Amino acid sequence: MDLRKVKRFIELAEANSLAELEVSSRRGSGEERLDEHVRIVRVPRPSTSGLPAPADALAQTTEQAPVAPGHVVAAPMSGTFYRAPAPGETPFIEAGDTVAVGDVLCIVESMKMMNQIESEVAGRVAAVLVADGVPIETGAPLFRIT
């Protein structure tokens, strides 16, 4: 396929704010056969309209919401957050519990696989930041350990 065609498809997707564009082409058989396929998926950029300038946002954050002390355990993957090994069972940990490095904190179900999330630090669980059974994204804060 001609690179100029691909560039035109990209420009078309951008100009029309298309999230996806798929093009197929099939003609003839034998030596004249031409099979072309293009699929363009655009990841939307977050809108910054209405947001304060970065310096202003930093000043507001430090003045209004002091950062809580401790280590924040973030989700290593997106999926569904579970506090217990199975429905109806006791959660792995509760706020106030003491954990060691390697202790299981929760399970994240991703692509039908149950992934145990272990503590990277030793300390006391100051807060559980997510409700049981809630969908989470990669990087979402799950626990705070002090």
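This report describes the fold, a helix, a sheet, an aromatic pair, some backbone angles and a pocket of one protein model.

## Model and overall make-up

The model is predicted: local features need pLDDT of at least 70, side-chain atom pairs count only at pLDDT 80 or more, and totals for chains, interfaces and linings use all residues. Residues are numbered from 1 along each chain as its sequence is written, and side-chain values use heavy atoms, with hydrogens and water left out.

The protein has two helices and 10 strands. Helices (H or I, at least four residues) and strands (E, at least two) are DSSP runs, numbered from the N terminus. Starting at the N terminus, the order of elements is α-β-β-α-β-β-β-β-β-β-β-β. Among the 146 residues of the protein, 21% count as buried. Here buried means under 20% relative accessible area, exposed means over 50%, and partly exposed lies in between (1.4 Å probe, protein chains only).

## Helix α1

Helix α1 covers residues 3–15, which is 13 residues. The expected span of a helix is 1.5 Å times one less than its number of residues. For α1 this gives 18 Å, and the end C-alpha atoms are 18 Å apart, so the two values agree. Just after α1, S17 has a positive phi of about 50 degrees.

## A sheet of four strands

Four strands form an open sheet in the order β3-β10-β8-β5, with antiparallel pairing. Its edge strands are β3 (71–74) and β5 (98–99), each of which pairs on one side only. Two strands pair if DSSP finds at least two bridges between them. Strand β5 pairs with β8 (residues 123–128) in the antiparallel sense over two bridges. In this pairing, V99 stands opposite G123 of β8.

## Buried residues and an aromatic pair

A pair of aromatic rings is described by the distance of the centres and the angle of the planes. Rings of Phe, Tyr and Trp (its six-membered ring) pair if their centres lie within 6.5 Å; planes under 30 degrees apart count as stacked, over 60 as edge-to-face and the rest as tilted. A search of the whole structure finds one aromatic pair. The ring centres of F81 and F143 are 5.8 Å apart and their planes are at 50 degrees, so this pair is tilted. Because F81 is in strand β4 (residues 79–82) and F143 in strand β10 (residues 141–145), the pair ties together parts that are 62 residues apart in sequence. Both F81 and F143 are buried.

V108 belongs to strand β6. This residue is buried, with a relative accessible area of 0%. V108 and S78 are 30 residues apart in sequence, but 7.7 Å apart in space, C-alpha to C-alpha.

## The loop between β6 and β7

Most residues other than glycine have a negative phi. M111, which is not a glycine, has a positive phi of about 55 degrees. M111 is in the loop between β6 (104–110) and β7 (113–118), and is exposed, with a relative accessible area of 78%.

K112 lies in the loop between β6 and β7 as well. Its phi is positive, about 65 degrees, although K112 is not a glycine. K112 is exposed, with a relative accessible area of 79%.

## The largest pocket

The largest pocket has a volume of about 190 Å³. On a 1 Å grid over the protein atoms alone, a pocket is an open set of points where a 1.4 Å probe fits, with protein on both sides within 12 Å along at least five of seven lines; lining residues have an atom within 4 Å of a point. Grid points are joined across faces, edges and corners, and a volume is the space filled by probe spheres set on the points.

The lining includes Y82, R83, I107, M114 and D132. By type, the lining residues are eight nonpolar, one polar and three charged. Ala, Val, Leu, Ile, Met, Phe, Trp, Tyr, Cys and Pro count as nonpolar, Asp, Glu, Lys and Arg as charged, and the others, Gly among them, as polar.
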